[in-house]
Amino acid sequence: MSEPVTRHSIIISLAGFVSLFVLYLITSQLFKRVYHNIDRLARKVGRISKGEYGLTAVSDEQYEFRKLAESINQMSLSLRQSFEGLSNEKLFREQILASIPIGIITVHNENSEIELNGKAKEVTSLDHARIKRIYNEKGPFQFNPEFWNLFCSEECFHTRKVSFKTSDKTYVFLVSQSPLVDEKEKVIGRIFSFVDVSEIDKLEKRILRTEKLAVAGELASRAAHEIKNPLSVVQGFIQMMDSEFSEKDRHNFHTGLILKEIERINKIAQDMLMLAKPSLNMKKASLQDVIAEIMPLIHANYSSKVAIQAKLDDILLSIDVDQMKQVFLNLIINSIQAMEEKGDIWISSEVDHDIIHIFLEDNGAGMPDEIQSNLFEPFVSTKGTGTGLGLTIIQRIIESHGGTIKLVTSNTDGTCFKIILPLADERKC
């Protein structure tokens, strides 16, 4: 009986071993599959956690893994929706900050981090790093010291007017600084903001200038009328005396000088009347003819060392010819005197649709900077004997013609004025 028992024992042992081996193979494959699925899901979750929101995991046939994959996919999609919502909201706020016409620079107390919006970058032409360097240095500042000193200060203030110069423009800013607080009302930094009021500042100056001109014009008109009447009587009697006097008496009583000075007073009175309100006698004419008519007068009274070159478009303008002669005569004489009667003057024009740009340039010594800023103000003059009304009257005449005049450049290389006038309906002469 021992032999059958032994044989059965061997068979049972072999069957058990084979069963265990098969079970091992099945179990290892099962664990391998489970591990593979878990590892795949773990990698997906890792990628999602690093910002790949919306990434989906492939569902497995096994119920538990399929449910887990569905939960991960739902979480990923929710994260993507939330992230897109936050990104869109942040982008929208950044677009608002970038679009508003106010420069904003924020400073955080904890790490002195600097942030600025698009307008601040555009105006200052500086990035975060350079502004942070300015903030850390605290001055002294070579350029725009008033602006940067206010930025570096820790005081809070509102609407202080300062100027800010760039390479090609000068701004006028209203600057404010206020605390930056968090949701708990704790101060965590400060907000430095500035708004460009350059145009408003120009408008205020223009209004002030208009008011000054109105007052000056009214006073000038009244004074001129009061002066001209008795002056005409005085001039008439002096002329009678001059005609009756002998050469010796005219020399002794200086009647010639008196008449010359009376004529100068008459000219000043006429300028004052013109300042009050230029009366126009408009007709269609060419600037070429205007310049040609004043050339003999200039050549007769000034040095032949002055060369005047005029190249103007053959265009009709609706102008008061006499007043336009006065405009160009005064400008040319100013240039001649600035060049000390030795140099070149160029008069040119450019037609642009329904307007004409007229340029008058010279190669004189230019004007001082302090004069250039208020050049067209009444009673401002670079000449010791001038009344300071010449350029003011020129501007009034040009503006009464519906045009403008401005100083383009003035430096040691010369001075350039630009006049803009409307064209007449029929342009060709």
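**How many residues join β11 to β12 in a hairpin?** The hairpin linking β11 and β12 passes through two residues. Strand β11 covers residues 404-411, and seven bridges connect it to β12 in an antiparallel arrangement. Strands count as paired if DSSP finds at least two bridges between them. Here Leu407 stands opposite Phe417 in β12. Strands (E, at least two residues) and helices (H or I, at least four) are DSSP runs, numbered from the N terminus.

**About the model.** This is a predicted model, in which local features need pLDDT of at least 70, side-chain atom pairs count only at pLDDT 80 or more, and totals for chains, interfaces and linings use all residues. Residues are numbered from 1 along each chain as its sequence is written, and side-chain values use heavy atoms, leaving out hydrogens and water.

**Strand β12 and its other partner, β10.** Eight bridges pair β12 with β10 in the antiparallel sense, and His357 has Ile420 in β12 as its bridge partner.

**Where confidence is highest and lowest.** pLDDT is the predictor's confidence in each residue, from 0 to 100. The protein chain averages 80, and 88% of the residues score at least 70. Strand β10 (residues 355-362) has the highest mean, 93, while helix α8 (residues 255-276) has the lowest, 74.

**A look at Phe17.** Phe17 belongs to helix α1 (residues 2-49). Phe17 counts as exposed because its relative accessibility is 57%.

Methods
Buried < 20%, exposed > 50% of the residue type's maximum accessible area, 1.4 Å probe, protein only.
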